[in-house]
Amino acid sequence: MSGLMPLLTLLILAAPAPPDAADKLIAQAVLAAGKPDLKGERINRVAGVQRVQFPGKPPTVSRFIDCNIGFDLGRNERRWTEDGREHVFVIVSADSRYKSSMNGGPFMPATPAQSAASKDALYLYGVIYLDDLTDRKLYRLEVLPPADVDGEACDRVRVKSDGREDIDLSLSDKTHLLRQWTTVKLCGDGVKRVAVETLSAHKVFSGVTMATVRKLRLHQDMSRDETIESVEFLPADQAGDLFTRP
């Protein structure tokens, strides 16, 4: 009998997770993340500092403000200060058509690669913010073996969807908050790259718990470290003219 114990142990460890195990992990993560106190359509305004590093080039440090209104509607603005000058990039969409404007210039149609990358980013955004992951018509969930992220034990869930790259989510075993995501990301130049972002130093902003330190590694081509200083949820009627749809 004692000789069977190692085999029985291996069989138990190798047994697949119950079908609802992934749903439970995601439900815990959604509860831990919380919801904004402000209801209805809103502006999310995130401000902080970022450090971007490309191979063979000196790092660039800049301040930024990200604004988006109903990101699923494709209205997003990013402002950043570099070399003492403020830059503004706006991208808007309607009916899967994307147009962008840089520093107040006229809106120009996005290239096919940029449009595809924007759609890919939209899907990724919805997954890492745990939006609608209970929709089995769009998403399928699979429990992966646990792993550590920066020494913290994490449960792991793989998100699968037809025609999309898998996204692996690492959720803290203790807090249930998202600590890391990994996927193959489509970039604006049409190239797919392995992307890993590690999240830490979570804080509560208007009822929502968000990471204030975000470290993104895009294959060997780029790294970006962000420190979030403030997060605001404002009524959508404060959008301004920059969010006019094409």
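This report describes a predicted protein model, from its overall make-up to selected residues and side-chain pairs.

## Basis of the description

The structure is a predicted model, in which local features need pLDDT of at least 70 and side-chain atom pairs count only at pLDDT 80 or more, while totals for chains, interfaces and linings use all residues. Residues are numbered from 1 along each chain as its sequence is written, and side-chain values use heavy atoms, with hydrogens and water left out.

## Overall make-up

The protein has three helices and 13 strands, where helices (H or I, at least four residues) and strands (E, at least two) are DSSP runs numbered from the N terminus. Of its 246 residues, 38% count as buried; buried means under 20% relative accessible area, exposed means over 50%, and partly exposed is in between (1.4 Å probe, protein chains only).

The protein exposes about 14,100 Å², and carbon and sulfur atoms supply 56% of this area, as computed by the Shrake-Rupley method with a 1.4 Å probe, in which only the protein chains shown count as cover for residues. Among contacts (heavy atoms within 4.5 Å) between residues at least 6 apart in sequence, 43% join residues at least 24 apart.

## Cysteines

A search of the whole structure finds zero disulfides, a disulfide being a pair of cysteine sulfur atoms within 2.5 Å. Cysteine 154 has 2% relative accessibility and therefore counts as buried, and cysteine 187, at 9%, counts as buried as well.

## Two buried serines

Serine 100 belongs to strand 5, which covers residues 97–102, and its relative accessibility of 18% places it among the buried residues. Leaving aside residues up to four places away in sequence, serine 100 touches Phe89, Val90, Ile91, Pro106, Phe107 and Met108. Its C-alpha atom is 9.7 Å from that of glutamate 77, a residue 23 places apart from serine 100 in sequence.

Serine 115 lies in helix 3, made up of residues 112–128, and it counts as buried because its relative accessibility is 13%. With residues up to four places away in sequence not counted, serine 115 touches Tyr98 and Ala110. The C-alpha atoms of serine 115 and tyrosine 98 are separated by 6.0 Å, although the two residues are 17 apart along the chain.

## Aspartate 66 and its surroundings

Aspartate 66 is part of strand 2, residues 60–69. Apart from residues up to four places away in sequence, it touches Asn44, Arg45, Val46, Glu77 and Arg78. With arginine 78, the side chain of aspartate 66 makes a side-chain polar contact of 2.5 Å; a polar contact is a pair of N or O atoms within 3.5 Å, of which, within protein, one must be able to donate a hydrogen and the other to accept it, and residues adjacent in sequence count only if both atoms are side-chain atoms.

## Salt bridges

Side chains of opposite charge can pair when their charged atoms come close. The count comes to 18 salt bridges, each being a side-chain nitrogen of Lys or Arg within 4 Å of a carboxyl oxygen of Asp or Glu. One of these joins the side chains of arginine 63 and glutamate 229, at 2.4 Å from N to O. This pair links distant parts of the chain, with arginine 63 in strand 2 and glutamate 229 in strand 13 (residues 222–235), 166 residues apart. Arginine 63 is partly exposed, with a relative accessible area of 44%, and glutamate 229 is partly exposed with a value of 44%.

Lysine 192 forms a salt bridge with glutamate 165, their closest N and O atoms being 3.0 Å apart. Because lysine 192 lies in strand 11 (residues 192–205) and glutamate 165 in the loop between strand 8 (152–160) and strand 9 (167–172), the pair ties together parts that are 27 residues apart in sequence. In a further salt bridge, the closest N and O atoms of arginine 224 and glutamate 197 are 3.9 Å apart. This pair connects strand 13, which holds arginine 224, with strand 11, which holds glutamate 197, across 27 residues. Arginine 224 is partly exposed at 22% relative accessible area, whereas glutamate 197 is buried at 3%. Salt bridges that share partners join Asp66, Arg78, Glu197, Arg214, Arg224 and Glu226 into one network.

## Aromatic pairs

The structure holds two aromatic pairs, counted where ring centres of Phe, Tyr and Trp (its six-membered ring) lie within 6.5 Å, with planes under 30 degrees apart called stacked, over 60 edge-to-face and the rest tilted. Tyrosine 125 and tyrosine 129 form a tilted pair, 4.7 Å centre to centre with 35 degrees between the planes, and tyrosine 129 is partly exposed, with a relative accessible area of 34%.
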